[in-house]
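Colleague: I'm new to this one. Can you put it up and walk me through a few spots?

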Amino acid sequence: MRTLSILFVAGASAAAAEQGPIIPEFTDQTRGLPIEHSYTGDWEHFVGGGVAVFDCNGDTRPDIFVAGGSSSARLFVNVTGDDGMLSFADGTGDEILGVTGVYPLDIDSDGHMDLAVLRVGPNILFKGNGECGFTDESAEWGFDPGNAWSTAFSATWERGLTFPTLAIGNYVDRADPNGPFEACDSNELHRPKGNTYGAPERLEPGFCALSMLISDWQRTGTPELRISNDRHYYVDGGYEEMWQLDPLKSRTEADGWKRVSLFGMGIASLDIDGNSFPDVMLTSMGDQVLQFNDGSSYANAPFTLGTYAHRPHTGDDLNPSTGWHSEFGDIDNDGRSDLFIAKGNVDQMEMAAMADPNNLLMQITDGTFVETALEAGVATLERSRGAALADFDGDGRLDIVVVNRSAPMELWQNVTADVGNWLAIELRQPAPNTHAVGAWVEVRLDGAVVARELTVGGGHASGQALPLHFGLGLAATADYRVQWPGGDWSEWRNVSANQRITVNR
């Protein structure tokens with residue numbers, strides 16, 4: 001039986017020294033969005049509904065690009081003022097239909113965030129101009145947009161390449177006359193040749209991917225691609241996948257990859273148990289499965305940890321929950337990572353809960369998680385899909401944006417009192433890979449080390465390009481160091497709390 005050693009910070013806030021959690025408090029700031037926006041559409045948009053959170057104009061305030069499905073995707077530019085009330089302006093240009101998900105990354109390493117846009121139909125690579133303007137550079141960059149039903153994405157910079165390698169996951173093959181069941185499409189790996197892309201390499205067979213994440217899960221300096229798949233459509237014979245990128249090869253049971261099948265919707269990754277290896281949260285229809293990583297294999301967390309969130313935590317609907325986007329973040333800055341899960345029925349599936357509130361699971365001193373969404377005010381019952389935790393007002397507290405299917409998206413401002421101190425770390429290095437994707441940041445507090453990996457991908461159709469956020473509890477300073485892509489470590493450096501810093505290689 002595996003013994004878990006859950007990391008907690010000795011300098012955590014006084015309120016967190018008790019067994020129970022701080023109950024977070026959020027206020028509904030949806031009125032701060034310029035228009036009411038919903039993710040809409042028929043069965044091709046039962047999945048997807050992602051949101052990208054990133055800084056599109058260099059003012060350090062996170063902006064929002066949100067999928068629309070059969071409605072147009074929208075760009076909302078953060079114009080929050082000194083009063084701290086969340087406010088956004090409509091920066092949408094041309095209508096873009098069929099969008100399922102969005103991921104920000106600096107593809108051409110010019111210092112401005114670009115966007116990988118997933119669609120039902122041809123995907124798009126948008127080049128950002130640093131002023132919240134975007135142009136379609138798919139053809140100029142040699143990118144084959146395909147014509148599939150794309151629902152998952154991840155990216156990394158492989159050694160010696162100037163452009164990122166892009167992984168795209170596709171769902172059901174709409175052209176298969178025998179579909180939709182057992183008609184999963186193949187996935188794609190787009191590798192660059194200089195500053196242009198070659199023909200995509202097929203990752204086959206596909207098992208209806210709904211989330212992907214490229215991560216150095218073994219801390220060897222060689223990232224691999226994990227794919228979470230929806231067994232609703234692959235029916236049987238499919239499983240969660242792990243692909244080696246170089247040489248391109250799917251891991252098998254023969255080399256230690258244990259086959260697991262679930263109704264996979266999303267992936268979140270973070271080192272929870274403090275052993276420096278990234279653990280994963282897999283959302284699903286039914287159990288939300290947290291797997292601990294010891295550097296060679298994954299093992300399911302015990303049920304008593306409190307993360308399975310398998311049924312609605314409020315109301316009288318006892319059917320299984322359906323989890324979509326999940327994300328770790330320190331909501332109260334006590335030095336322990338908490339967990340948000342966006343929930344919602346696929347559409348009208350009677351086997352699953354219809355009244356399915358989102359989860360806000362706060363980690364307490366013994367390492368277990370306690371549900372607080374109802375008390376915090378974020379346990380809404382819409383059919384949620386994509387989401388993000390982000391500090392939209394720059395006060396060091398993580399806010400929440402949630403995309404809903406056939407209902408208006410939601411924006412929640414974190415106004416929790418008596419939170420701990422914090423630190424936000426942004427990385428920069430010379431081109432290529434200006435934002436140092438693949439780097440690790442370690443923060444040391446009272447001898448405990450918290451590790452974060454900078455990745456592109458995961459979630460449910462939702463991506464971020466933001467500083468890495470660390471809760472510090474009562475600590476007024478913290479030590480940090482960076483393992484840059486390629487393996488070089490910086491020296492430990494001490495920095496004062498409650499600020500955002502940029503670390504240059």
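Colleague: Let's start with D317: is it buried or exposed, and which side chain of opposite charge is nearest?
Modeller: Keep in mind that this is a predicted model. D317 is buried, yet it has no salt bridge. The nearest side chain of opposite charge is R311, and that is 7.2 Å away.

Colleague: Okay, what does the side chain of D317 reach, then?
Modeller: The backbone nitrogen of N319, at 3.1 Å. A polar atom of the D317 side chain also lies 3.3 Å from the backbone nitrogen of A355.

Colleague: Where is D317 found?
Modeller: In the loop between β21 (298-300) and β22 (323-329).

Colleague: And what is D317 in contact with, leaving aside neighbours within four places in sequence?
Modeller: P312, A353, M354 and A355.

Colleague: Switching topic: what volume does the second largest pocket have?
Modeller: About 640 Å³. Its lining has 33 residues, and W157, R159, G221, P223 and G486 are the ones nearest the centre.

Colleague: Which elements give two or more residues to that lining?
Modeller: β10 (150-156) and β14 (209-215).

Colleague: Last one, G81. Where is it found?
Modeller: G81 is in the loop between β4 (74-78) and β5 (88-90).

Colleague: How far is the C-alpha of G81 from that of D393?
Modeller: They're separated by 8.2 Å, with the two residues 312 apart along the chain.

Definitions and conventions:
Residues are numbered from 1 along each chain as its sequence is written. This is a predicted model: local features need pLDDT of at least 70, side-chain atom pairs count only at pLDDT 80 or more; totals for chains, interfaces and linings use all residues. Side-chain values use heavy atoms; hydrogens and water are left out. Helices (H or I, at least four residues) and strands (E, at least two) are DSSP runs, numbered from the N terminus. Buried means under 20% relative accessible area, exposed over 50%, partly exposed in between (1.4 Å probe, protein chains only). Lys and Arg count as positive and Asp and Glu as negative; His and the chain ends are not counted. A salt bridge is a side-chain nitrogen of Lys or Arg within 4 Å of a carboxyl oxygen of Asp or Glu. A polar contact is a pair of N or O atoms within 3.5 Å; within protein, one must be able to donate a hydrogen and the other to accept it, and residues adjacent in sequence count only if both atoms are side-chain atoms. Contact means heavy atoms within 4.5 Å. On a 1 Å grid over the protein atoms alone, a cavity is a set of points where a 1.4 Å probe fits but cannot get out, and a pocket is an open set with protein on both sides within 12 Å along at least five of seven lines; lining residues have an atom within 4 Å of a point. Grid points are joined across faces, edges and corners, and a volume is the space filled by probe spheres set on the points.
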